[in-house]
Amino acid sequence: MVAIAILVAGILTTVASHEPFESRLVRLEAQRALPTLEASLEQASPELNALFLDYADDQALWMSASLAILRHGDMASDVLVAYGLSPQFQQVLVRFGADAVLPISYFRNHDVATLRARHWMGERFQQLSHWWSDEEGDADSAFTPYRRGQMGVALLDTNGHALLNQFVVDDEGNVEWLQGERLVSGVGDFFTSGLRELESQWRRGDAIGAADLGWAGVDLLVMASTAKVLRAGRAARAARVGSVEAQGARAGLRQGIVASGGRFATLPRMAKVTAVAGTAYVVARHPSLVSALGANLSNWLGWPVWLGQFLVWLVVLLPVLIVARLAYRWLLTPLLWLLVPLMRLCFRTANQALARRTQEQKKSRDEKEANCKPFYLN
């Protein structure tokens, strides 16, 4: 049994992947929750699997995300991993579909002067607001690529298709910003955005405040100098999404959604038993998780991955083989001793019945031939 366990453990270690337990578990659960995406999720990163597992209850959300990856590939995957847990990003993804990742990706990869100006104005507006309020600013306000993507999400949520129509993908797969469309849209927004927003709120049945009516009046009176600058500052401040919460959510996504060992140690005894039993059930359903446990053990102890996987498989296979041998010796063998005479009796009875039926058929056939002979002679 030891030799067989060593041989089987070596074979399973050779063909096993080196994926850690948490990542493998998230991948399997994501494939179970979204069986239609099983093939694509098998090739996706652990972060994407965790994200789709979080999206599993919202069909429109995971379908939009999968279409974005199918249409735009790695570019969409990077945007989803970075901003996928943001509620505002989820809203624009469902609202505008797969192409919603285009402006966000462009702003992440390009230091746009107008976007930097918006950020600067938002910072100055926030500093001024501290004079008459107790509001605290963000801990990290640097104009990083991640912050530019956040501003892209906010701008897309505000401007909608007017911004989305300005971005296309060239024949090399790069996102390009149509400057002509940008200029025309910018001029139109400068003079008519207040009126259009007012009409949109009215059509949707949203509450209309005095500020909305005021900005619509500014558009009607074509008062666009100082008032428009103040309005741009307000929009820039609105575009400053809470980066601390968003970055914390992204860090949580990258670390996985499975509880760590430190959290497990703080659980009550009953909760620990339940967690261990549930993990054992999942491992029994998906034996590939045994290899993932071996990879985790190797990472904890600093061993080669194959060594940890081999030891875990050996520890798992030895009890299984011992139980199988005991079951064969004390359960299966007595049953076979009891079943063999019964099977012989059944075979003997079946043979006798078959022989009797054959004799009856032969006798019936002979009688028919005997009755038919006088007819042929006549």
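Which residue lies over the face of phenylalanine 143? Select arginine 148: it lies 5.7 Å from the ring centre. A charge counts as over a ring if NZ of Lys or CZ of Arg is within 6 Å of the ring centre and within 35 degrees of the ring normal.

Two notes before moving on. This is a predicted model, in which local features need pLDDT of at least 70 and side-chain atom pairs count only at pLDDT 80 or more, while totals for chains, interfaces and linings use all residues. Residues are numbered from 1 along each chain as its sequence is written, and side-chain values use heavy atoms, with hydrogens and water left out.

**Whole chain**

Switch to cartoon view. The protein chain has 19 helices and 2 strands. These are DSSP runs numbered from the N terminus, helices being H or I of at least four residues and strands E of at least two. Of the 378 residues, 32% count as buried. Buried means under 20% relative accessible area, exposed over 50%, and partly exposed in between (1.4 Å probe, protein chains only). Among contacts with a separation of 6 or more, 64% join residues 24 or more positions apart. Contact means heavy atoms within 4.5 Å.

**Helix H4**

Select residues 46–55, helix H4. Of its 10 residues, 7 are buried. They are Glu47, Leu48, Asn49, Ala50, Leu51, Phe52 and Tyr55. Pick alanine 50: its relative accessible area is 3%, so it counts as buried. Valine 81 is 31 residues away from alanine 50 in sequence, yet 9.5 Å away in space, C-alpha to C-alpha.

Now pick phenylalanine 52. Beyond its neighbours within four places in sequence, phenylalanine 52 touches Leu34, Leu37, Leu41, Trp62, Ala65, Ser66 and Ile69.

**H5 against H6**

Select 59–72 (H5) and 74–83 (H6). The two helices pack at about 145 degrees, with axes 6 Å apart. Axes are lines fitted to C-alpha atoms, for helices over the stretch in contact, and angles run from 0 to 180 degrees between N-to-C directions. H5 brings Ala65, Ala68, Ile69 and His72 to the contact, and H6 brings Asp74, Met75, Ala76, Ser77 and Leu80.

**The cores**

What is the size of the largest nonpolar core? It has 45 residues, and Phe52, Phe89, Phe107 and Phe167 have the most contacts inside it. A nonpolar core is a set of buried Ala, Val, Leu, Ile, Met, Phe, Trp, Tyr and Cys residues joined through side-chain atoms within 4.5 Å. Elements giving two or more residues include H4, H5, H7 (87–96) and strand S2 (175–177). H6 gives the largest share, 7 residues. Another core lies apart, with 7 residues, among them Ala5, Val290, Leu314 and Leu317.

**Aromatic rings**

Show the rings. The whole structure holds 8 aromatic pairs. Rings of Phe, Tyr and Trp (its six-membered ring) pair if their centres lie within 6.5 Å; planes under 30 degrees apart count as stacked, over 60 as edge-to-face and the rest as tilted. Zoom to tyrosine 106 and phenylalanine 107: they pair edge-to-face, 6.2 Å centre to centre, with 75 degrees between the planes. Tyrosine 106 is buried at 12%, and phenylalanine 107 at 1%.

**Last stop: helix H1**

Select threonine 14, in helix H1 (residues 2–15). Is threonine 14 buried or exposed? Its relative accessibility is 66%, so threonine 14 counts as exposed. Glutamine 309 is 295 residues from threonine 14 in sequence and 9.3 Å from it in space, C-alpha to C-alpha.
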